[in-house]
Amino acid sequence: MVAGDRRSGVRTWLYVVAALVVAMVAVGGATRLTGSGLSITEWRPVTGALPPLSDADWAAEFAKYKDTPQYAILNQGMGLSAFKVLYGWEWGHRLLGRLIGLVFFVPLLVFWWQGRISRRLGLGLLGLGALGGLQGAIGWIMVASGLQPGMTAVAPIKLALHLTTASLILAGLIWLAAGERGDVSAPAPGRLRATAALLPLAILAQIFLGGLVAGSHAGLVYNTWPTMDGALVPSADTLFAIRPWIENFADNHALVQFNHRMIAYLVIALALLHAVDARLSGSPAAAGRAAGIAGLALLQASLGIATLLLGVPLWAALAHQVLAMALLTMATVNARLSRGTGRVRPIAAAVPLGFEGLAGRGVYAFPRRTVMAAARDTVHRPPETSG
Ligand code: HEM
């Protein structure tokens, strides 16, 4: 098998896992928006894969749910069929998590065994695997926070952390997949590379803040735009109404929503700046990618505004969440490609006559530095002594 095929198989697999992570985020969003997230009151990573199968199993699960504060405060009198719908969303979300684990680890072992995973890629993938395990635990810690006395939903900060970790896993998969491209491209100029690297970081921060808005239901108040509470910037008394001041960042609807608006403007400004810079750089590929990111950022912000003005209908909130993943994906691909790609060009095609012998030994290199270092080694190595 040639090197390009070996890498494209790995790349396709990484993109499939990434697509499943996006599906997981969407199902997680639907689980939250339908109020289903607290319907399964235990964490059984293996045995929980089976849903209740008999009437007695369902009655037992429903009885456990009836013991939760959410049932007592919000859902008194709910029937078994309505409970089954809640349970279905949460069970589906958890099952998808298990499926992602399988689709990630089984091919990983096969590719590793076939020698198709480089050391660097392997380390990255192991890191992502660990983050995936941690994400399951964060998910349960989040659910447990919603089962505490007096709670009817999970703690907003834990929801934001859960969403951000999912996004980080997605960005990691996309980063590694984009790095497996077989073609060769040179790194972008310094400033373009810097803004390309900043974009996914700013979007991740914005996703965290969006998770706080969603988790605290801060989108159900101040449903006007561009003003908020009658002004572009609400008064300090409104933004910092709670003492101690630090708690406003998670618990005050006004500041939580205001921060999400402000970082949206920052993301858009950064994306536009990057797009102009990329256009001036003279690289059509970089300009195309940057224009796509700027367009998607504007679309995402418009959808956020619509979600707010309409009072957070399910379809708009879900679309806003999924589009955030698309934006993060594009920005991550762009950041990775702006660093330059391609280590699989046979050296014979890249270096002047005289170094072909290296190619014969199966050496592949893209960075000129590698070629030059190999050349230096060849020239300065002391003559071998025989016998
Ligand atoms: C680059 C821009 C933006 C990004 C990446 C972004 C991302 C997100 C994310 C990831 C969520 C969490 C969704 C969930 O967990 O259900 C969210 C929630 C939200 N965002 Fe944005 N957002 C952006 C801009 C905006 C803007 C400009 C507004 C309005 C002015 C807005 C309004 C909202 C609202 C109201 C929610 C809560 C939805 C709910 O309760 O489910 N967003 N955002």
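Helices are DSSP runs of H or I of at least four residues, numbered from the N terminus. On this basis, Y222 of the predicted model is placed in the loop between helix 7 and helix 8. The phi angle of Y222 is near 50 degrees, a positive value in a residue other than glycine. With 19 C-beta neighbours inside 10 Å, Y222 is classed as partly exposed, because burial requires 20 or more. The loop between helix 7 and helix 8 also holds D229, for which phi is again positive, at about 55 degrees, although D229 is not a glycine. D229 is partly exposed, with 16 other C-beta atoms within 10 Å.

P226 is likewise found in the loop between helix 7 and helix 8, and a cis peptide bond with omega of about 5 degrees joins W225 to P226. A cis peptide bond also leads from R243 to P244, with omega near -5 degrees; P244 lies in the loop between helix 8 (236–239) and helix 9 (248–251). Most residues other than glycine have a negative phi, and most peptide bonds are trans.

The protein chain as a whole contains 15 helices and 0 strands. Of its 387 residues, 34% count as buried. Among contacts between residues at least 6 apart in sequence, 75% join residues at least 24 apart. The largest nonpolar core comprises 70 residues, and those with the most contacts inside it are V21, L170, L173, L199 and L328. At least two residues of this core come from each of helix 1 (3–33), helix 4, helix 5 (119–146), helix 6 (156–179), helix 7, helix 10, helix 11 and helix 12. Helix 6 provides the largest share of the core, 13 residues.

The ligand is surrounded by 28 residues, of which the closest are G210, A214, G219, G304 and A317. Helix 7 (190–216), helix 10 (253–280), helix 11 (284–309) and helix 12 (314–337) each contribute at least two residues to the shell around the ligand. By class, this shell consists of 16 nonpolar, 11 polar and 1 charged residues.

Packing between helices was examined for helix 2 (residues 55–66) and helix 4 (residues 80–113), whose axes are 11 Å apart and meet at an angle of about 80 degrees. Helix 2 and helix 4 are therefore roughly perpendicular to each other, a term applied to angles of 65 to 115 degrees. In this contact, W58, E61, F62 and Y65 of helix 2 meet L80, F83 and Y87 of helix 4. The residues involved are 6 nonpolar, no polar and 1 charged.

Two further positions illustrate contacts between separate parts of the sequence. Q70 is located in helix 3 (residues 69–73) and counts as buried, with 20 C-beta neighbours inside 10 Å. The C-alpha atoms of Q70 and M151 are 6.5 Å apart, while 81 residues separate the two in sequence. Apart from its neighbours within four places in sequence, Q70 contacts L38, N75, G146 and T152.

S281 occupies the loop between helix 10 and helix 11. With 16 C-beta neighbours inside 10 Å, S281 counts as partly exposed. S281 and P189 are 92 residues apart along the chain, and their C-alpha atoms are separated by 7.9 Å. Neighbours within four places in sequence left aside, S281 is in contact with A188, P189, L192 and A286.

How values were computed:
Residues numbered from 1 in each chain as written. Predicted model: local features only at pLDDT ≥ 70, side-chain atom pairs only at ≥ 80, totals over all residues. Near = placed C-beta within 6 Å. Nonpolar A, V, L, I, M, F, W, Y, C, P; charged D, E, K, R; others polar. Buried ≥ 20, exposed ≤ 12 C-beta atoms within 10 Å, placed from the backbone. Contact = placed C-beta atoms within 7 Å. Axes fitted to C-alpha atoms, helices over the stretch in contact; angles between N-to-C directions. Parallel < 35°, antiparallel > 145°, perpendicular 65-115°, else oblique. Core = buried A, V, L, I, M, F, W, Y, C linked by C-beta atoms within 7 Å.
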